[in-house]
Each structure stands twice: as C-alpha cells, then as structure tokens.
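Dear colleague,

Please find below the structure that I am handing over to you. My notes on the fold and on the ligand site follow.

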Amino acid sequence: MHPEKLIKIAIESMSRAYAPYSQYKVGAALLCADGTVFSGCNIENGAFSPSICAERTAFAKAVSEGYRDFTAIAVCGGKDGVISGIFPPCGVCRQVMREFCKDDFLIYMIDKEGHYETRTLKEILPDSFSL
Ligand code: THU
C-alpha cells in the first residue's frame, strides 16, 4: 500500500481522538502484511494513567483481531487536531512496536504539509529490549 493512503487514514483517525485533558489529538494507521489497516486514536481518561496513545490503540485493535504481522504505521497529531510538525511515537509505543515488529518496521511521521518522514523501528529504538 502506498504511504499516502495510510497517511490519509491516520489523519481521519485523528478527528476521532478523545483528548479533553491535553487537547492533543493523535491518529495512527497500522498496516498489516496482508494489506489490512487498523486505525487508532488517543483515548484519554480523567484518572490520566488509563489514557492510551493512538499507536497502541491501533496495535490493540489489530492484535485482538488476530493480526500480528505488521509492515508500517503512519502517525500524526497536534494541539486541537492541528498538525504543526511531526508527532513522533512515545517511548511506550515504541516498546509495544518492538514486541510485534522487526527492525525494518516503518514509521511514517506526518508533517503539516501532509508530507512525511520515514524511520525504521531500529532507528527510533536502538539497542532495544525484548525477551
Ligand atoms: N500521544 C499519542 O497518542 N501518541 C504518542 O506517541 C504520544 C502521545 C497522546 C497521549 C495524550 O493523549 C496526548 O497525546 C498528549 O500527550
């Protein structure tokens, strides 16, 4: 699948974010090896710690539906849903990627022009921990 298609899904997902506390809306689109895409948005909680990032929402949806073979994820976010620059995945999300993805898993980080920067999981999580 062309990255542009995945990026469009991530941007659409951002509009579904539930972020009344930070106002930062984040969207993700996770591409499986067979072409299936799972979207995700961040879902905040008044008790704060139950909040979940957009990327992990997408992974939880995919894994719970029996998908474990992933190729790429597109991510975007910004205050009030306005993208002002790339929105790199947090450390917890990177570790969740590590659980299911190889070093060459691709992360597309979308900027305000709708362009994207591409990184591999190895690049954003070097010397990673896994069992
Ligand atoms: N957030 C994500 O959804 N993904 C990330 O990788 C970083 C942070 C969310 C969590 C919270 O709802 C908001 O962005 C501000 O931190």
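Helices (H or I, at least four residues) and strands (E, at least two) are DSSP runs, numbered from the N terminus. Along the sequence, these elements follow the pattern α-β-β-α-β-α-β-β-α, which comprises four helices and five strands. The chain has a radius of gyration, taken over C-alpha atoms, of 14 Å, close to the 14 Å that the globule rule gives for 131 residues, so it is as compact as a globular protein of that length. That rule is 2.2 Å times the number of residues to the power 0.38.

This is a predicted model, in which local features need pLDDT of at least 70 and side-chain atom pairs pLDDT 80 or more, while totals for chains, interfaces and linings use all residues. Residues are numbered from 1 along each chain as its sequence is written, and side-chain values use heavy atoms, without hydrogens and water.

Turning to the ligand, its surroundings include Ser22, Tyr24, Asn42, Phe87 and Pro88. Both β1 (24-32) and α2 (54-64) supply at least two residues of this shell.

- A polar side-chain atom of glutamate 44 is 2.5 Å from a ligand oxygen atom.
- A polar backbone atom of alanine 54 lies 2.9 Å from an oxygen atom of the ligand.
- For cysteine 90, a polar backbone atom is 2.8 Å from an oxygen atom of the ligand.

The protein covers 80% of the 380 Å² of accessible area (Shrake-Rupley method, 1.4 Å probe) that the ligand has on its own.

With kind regards

Definitions and conventions. A residue is near a molecule or strand if one of its heavy atoms lies within 4 Å of it. A polar contact is a pair of N or O atoms within 3.5 Å; within protein, one must be able to donate a hydrogen and the other to accept it, and residues adjacent in sequence count only if both atoms are side-chain atoms.
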